[in-house]
Amino acid sequence: MNIINAIINLINTTSRSVMNNTDGSNRANNMGEGLEKYIKDIFANTIYSLPNDRKTIQHQTFSYLGSKNYSPDAMLRGGDAIEIKKIENRLSDIALNSSHPKQKLSKQDNRVATACKTARDDSDWEERDIIYVVGYVPKGTDTLKMLGMVYGTEYCASQDVYESIFHTVKDKIAEISNLEFTETNELAHMNGIDPLERTYWRARSMWGIKNPWIAFNDVYTYDVSKTFSMMCIINVGKWNTLQNTDDLINLAQQDNRVSISDIQVQNPDNAADLIPAKLVTFSY
């Protein structure tokens, strides 16, 4: 399974509801969890499967299905990692919290879940491509309105860009004298803030990134009048490694709602460098 399968499954699926994929009474949390389940179902083609069949098929599709506190949200067996984000306003940025954006998923990253690194029958890797899947579910609804899928290699700068900022700020905080610092992976952890030394203070980095429709508005313009729209950007190097692109090309020739075009996107590390890519869109 790969991103081409997910696009084809999405095109062949009529359901855009994310509430039907949730359990529990917390509606806001359910929307996020519902979108995650929906995206996993799209990749595995299990949106209409019975529970037992869904479990079996997803086991065959994924080697890792995510954890609340660690990246990624899923990893295709022998394939790409998937990070799923939900926004309720089409102009909203994406909150990444304490984990900076990633061009690729690295096994050396301590923010990646151990279970992901040691997944059974799929632990022999050092780096994986990562797909950012962003769903726009308008506030107050349970319906997916827009979906964007982009690879980290076209979306995010190299790790050293983010790490440099992090360590520069961390080092500056550490220069503050007369305070007791504790070793931490965060920006800082200070103990004994108050006279009785009952209070501690933590500083965390909170990362965010523009959503794909804003980040790539020079190559894709969404039509707000559409009931649903999907955009996906795949660099040509990655596209050429995917064995089933002909299936999508044939589908695009038969379905006028689907389009595949050649584009160029800016290299996130060098704006003067253009990367050839494929833009796949689907809307109705």
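Trainee: Why is N45 called partly exposed?
Mentor: N45 has a relative accessible area of 45%. Buried means under 20%, exposed means over 50%, and partly exposed is what lies in between, with a 1.4 Å probe and protein chains only. So 45% makes N45 partly exposed. Before we go on, this is a predicted model, in which local features need pLDDT of at least 70 and side-chain atom pairs count only at pLDDT 80 or more, while totals for chains, interfaces and linings use all residues. Residues are numbered from 1 along each chain as its sequence is written, and side-chain values use heavy atoms, with hydrogens and water left out.

Trainee: Where does N45 lie, and what is its phi?
Mentor: N45 lies in the loop between helix 2 (27-44) and helix 3 (51-61). Those elements are DSSP runs numbered from the N terminus: helices are H or I with at least four residues, strands are E with at least two. Phi of N45 is near 60 degrees, a positive value in a residue other than glycine. N97, found in strand 4 (residues 94-97), also has a phi near 60 degrees.

Trainee: What makes such values worth a remark?
Mentor: Most residues other than glycine have a negative phi, and most peptide bonds are trans. The peptide bond from S71 to P72 is cis, with omega near -5 degrees. P72 is in the loop between strand 1 (62-64) and strand 2 (74-76).

Trainee: Why is helix 1 called roughly parallel to helix 9?
Mentor: The axes of helix 1 (residues 3-12) and helix 9 (residues 245-254) come within 9 Å and cross at roughly 30 degrees. That makes helix 1 roughly parallel to helix 9, because angles under 35 degrees count as roughly parallel, over 145 as roughly antiparallel, 65 to 115 as roughly perpendicular and the rest as oblique. The axes are lines fitted to C-alpha atoms over the stretch in contact, and angles run from 0 to 180 degrees between N-to-C directions.

Trainee: Which residues make the contact?
Mentor: I4, I7, I8 and I11 of helix 1 meet T245, D247, L248 and L251 of helix 9, where contact means heavy atoms within 4.5 Å.

Trainee: How do you know that K278 forms a salt bridge with D262?
Mentor: A salt bridge is a side-chain nitrogen of Lys or Arg within 4 Å of a carboxyl oxygen of Asp or Glu. In K278 and D262 the closest N and O atoms are 2.6 Å apart, so the pair qualifies. K278 is in strand 14 (residues 270-283) and D262 in strand 13 (residues 258-267), 16 residues apart.

Trainee: Are K278 and D262 buried or exposed?
Mentor: K278 is buried, because its relative accessible area is 18%. D262 has 61%, so D262 is exposed.

Trainee: What makes R204 and E186 a salt bridge?
Mentor: Their N to O distance is 3.7 Å, so the pair meets the rule. At 17%, E186 counts as buried, whereas R204, at 44%, is partly exposed.

Trainee: How many salt bridges does the rule give?
Mentor: The count comes to 15. Another of them joins K238 and D129, with the closest N and O atoms 2.9 Å apart; both residues are buried.
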